[in-house]
Amino acid sequence: MRNKKTFLLIFFIFIILVPSVSGALRELHEGTKIEPFIVVSLSGKSFSYHQLSGKKGTLIFFWSTNTKNSTKALEILQEKYSVWKEKGLQILAINVEKQYFSEDDIKALKQSVDSKKITIPVLIDKGLILFDKFGVIALPSMVLIDDKMTIYKEISGFPLVGSQVFFDEVSIFLGEKKVTETKIAYKPAKQSLLAYQLGLRFEKKKDFERAVEMYEKAISVDSAFVLPYGRLFDIYINLNKISSVKNILSKADKSLLKKPLIMMNIGKVYFHENDLVNAKKILLKSIAEEEFVDVFIYLGFISYIEGNISETERLFLNAVSISNNSPEALNKIGRFYALKGNNLKANEYYKKALEEILKTKGR
Amino acid sequence: MKWKIFFLIVLFFIMRKSDFSLADNTEFLHISELIKVKKYTEAEKELSKLNQFENRYVVNVISADISFVKGDFNKAEGYYTKALEINPLGIDPKIGIAKVHAARKDINKAKEMLHEAIKINPHAIRIYYELGFILEASEDIKEATESFEKGLEKYFLRK
């Protein structure tokens, strides 16, 4: 009888855990602890995080050879590498452009790295496990991790102003620069973070009602934690509940409204209300600090409506490039063209999205 | 003891994959990758290393894929048909035969075969992708859009 009870208990715990075992950190955010991971060098050797990490901290640089900002950022990091390394910061340039690298792919990558005289360790994320675990949303992305394996600072894309601020933060972290005003990486309240992570799990299972509940809880516990707002706005905008977004914005602290993520969503609201002038204004403001894929997509929508086709394509290509050809970005653009009756263009993007999906499935 | 067996069976059904598709067999992924980059000789070499008896279905499908990309549609159709004899519910050979029909400009037969594949596995994204391609080639642009959208819907609902 006792054995039966134990077996039942283990079985039900397993059942509860199995669906969530594949759950992972969906987005980069400060204050969370990372799990140790394995990466592979260009010579095929596997290394654990602990073998590679720096004494004071580690800067993980997610990049690909086919995003122009990646190359620019890598060259800038190379310039800073020797100084930062001496101060205890290790940089790891993790290439995330393919799930599976053939011998020819590795050869090409080696050639590209050697031609730029890169001495930063260049590694491969086999199976794009880290890409998924960290929830990388734009390329390049940089994650600064302290010696306790906690994310200190992160940035998506390589925006002009935002990237400079990020490098300043790294300098402060290493003690190169003094903090003129208190600039501590924001750490949300534990309960808020937990509620947010639960919200992500519910969202992944398409249980949007519960996800909204959790994000609202996260905000009520810690109204300065930006990420739940972002997810909440995304859900409401997808469900066309613009009034719900406006309601939350009206109650939010004014300082929050200056955050790039919030500005992006305000821009989306303006767009959905056909106020293209204000939408464009605020989207351009947010992009100066952080390059979110959706900002490029929405600016592309606006350019198309304004009749500027070449600018539209440029913005969409940018979005696709920094998102590393994400099916989500390609699908959004395809849907827009389909709605506008441009089925040829829609099919172009839909095919690319499906090809990316099938690439990861192997056939 | 009965309870243990019952729970193990339940666990089995939770963990098993619901359809057989080469896409789920990552050990053959590297052979598919070789075909994609046109390294047919290497792909055939890797194929010959596989246990021909244990992997008859896979060997036939991949042999068919190689024949198809080389332009030998009759041989490809032969291998796909053999694969279907081994596994009548396999969607890879059905997709392959559809592509052979499309290559021979028999669009109706190609569509028919893909619709059969959808009946077997309505969640296989690749079918909608191939159908969309064939529809586009036959200038059914709007229908192609619908097919691509269905494939993407399957992906986003599954995610």
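Student: Is B:Pro88 buried or exposed?
Tutor: B:Pro88 is exposed, because its relative accessible area is 52% and the cut-off for exposed is over 50%. Keep in mind that this is a predicted model.

Student: Where is B:Pro88 found in chain B?
Tutor: B:Pro88 sits in the loop between α5 (73-86) and α6 (91-103) of chain B.

Student: And what does B:Pro88 touch, not counting residues up to four places away in sequence?
Tutor: B:Lys94 and B:Ile120. B:Ile120 is 32 residues from B:Pro88 in sequence, with a C-alpha to C-alpha separation of 9.6 Å.

Student: OK, over to chain A. How many helices and strands?
Tutor: Chain A has 16 helices and seven strands. The chain counts 363 residues, and 53% of them are buried.

Student: What share of the contacts in chain A between residues at least 6 apart in sequence join residues at least 24 apart?
Tutor: For chain A that share is 66%.

Student: In what order do the seven strands of the chain A sheet run?
Tutor: The order is β2-β1-β5-β4-β3-β6-β7 in chain A, in an open sheet with mixed pairing. The edge strands of chain A are β2 (46-48) and β7 (151-156), each of which pairs on one side only. From one strand to the next, the twist averages 30°.

Student: How do β1 and β5 of chain A pair?
Tutor: Strand β1 (residues 38-41) and strand β5 (residues 122-124) of chain A are antiparallel, with two bridges. In one of the pairs, A:Val40 has A:Ile124 in β5(A) as its bridge partner.

Student: What about β6(A): why is it largely enclosed by the rest of the structure?
Tutor: Because six of the six residues of β6(A) are buried. On one side these are A:Ser141, A:Val143 and A:Ile145, and on the other A:Met142, A:Leu144 and A:Asp146, so both faces are covered.

Student: How many bridges join β6(A) to β3(A), and how many to β7(A)?
Tutor: Six bridges join β6(A) to β3(A), and the two run antiparallel. With β7(A) there are five bridges, and that pair is antiparallel as well.

Student: How many residues lie between β6(A) and β7(A) in the hairpin?
Tutor: Four residues lie between β6(A) and β7(A). One residue in that turn, A:Met149, has a positive phi of about 65°.

Student: Which strands does helix α6 of chain A lie across?
Tutor: Helix α6 (residues 160-173) of chain A lies across β3, β4, β6 (141-146) and β7 of chain A. Its direction is at about 165° to β7(A).

Student: And helix α4 of chain A, what does it lie across?
Tutor: Helix α4 (residues 103-115) of chain A lies across β3 (57-63), β4 (89-95) and β5 of chain A, at about 160° to β5(A).

Student: Back to α6(A). Which residues make the nonpolar surface patch?
Tutor: A:Leu160, A:Val161 and A:Val165 make a nonpolar patch of about 280 Å². A:Val161 is in helix α6 of chain A.

Student: Why does A:Val161 count as partly exposed?
Tutor: Because A:Val161 has a relative accessibility of 41%, and partly exposed means between the 20% limit for buried and the 50% limit for exposed.

Methods:
Residues numbered from 1 in each chain as written. Chains lettered and ligands numbered in written order. Predicted model: local features only at pLDDT ≥ 70, side-chain atom pairs only at ≥ 80, totals over all residues. Heavy atoms only, no water. Pairing = 2+ DSSP bridges. Axes fitted to C-alpha atoms, helices over the stretch in contact; angles between N-to-C directions. Contact = heavy atoms within 4.5 Å. Patch = residues over 30% accessible without salt bridge, like charges linked within 9 Å, V, L, I, M, F, W, Y side chains within 5 Å. Areas by Shrake-Rupley, 256 points an atom, 1.4 Å probe, with all protein chains shown as cover. Salt bridge = Lys/Arg side-chain N within 4 Å of Asp/Glu carboxyl O. Buried < 20%, exposed > 50% of the residue type's maximum accessible area, 1.4 Å probe, protein only.
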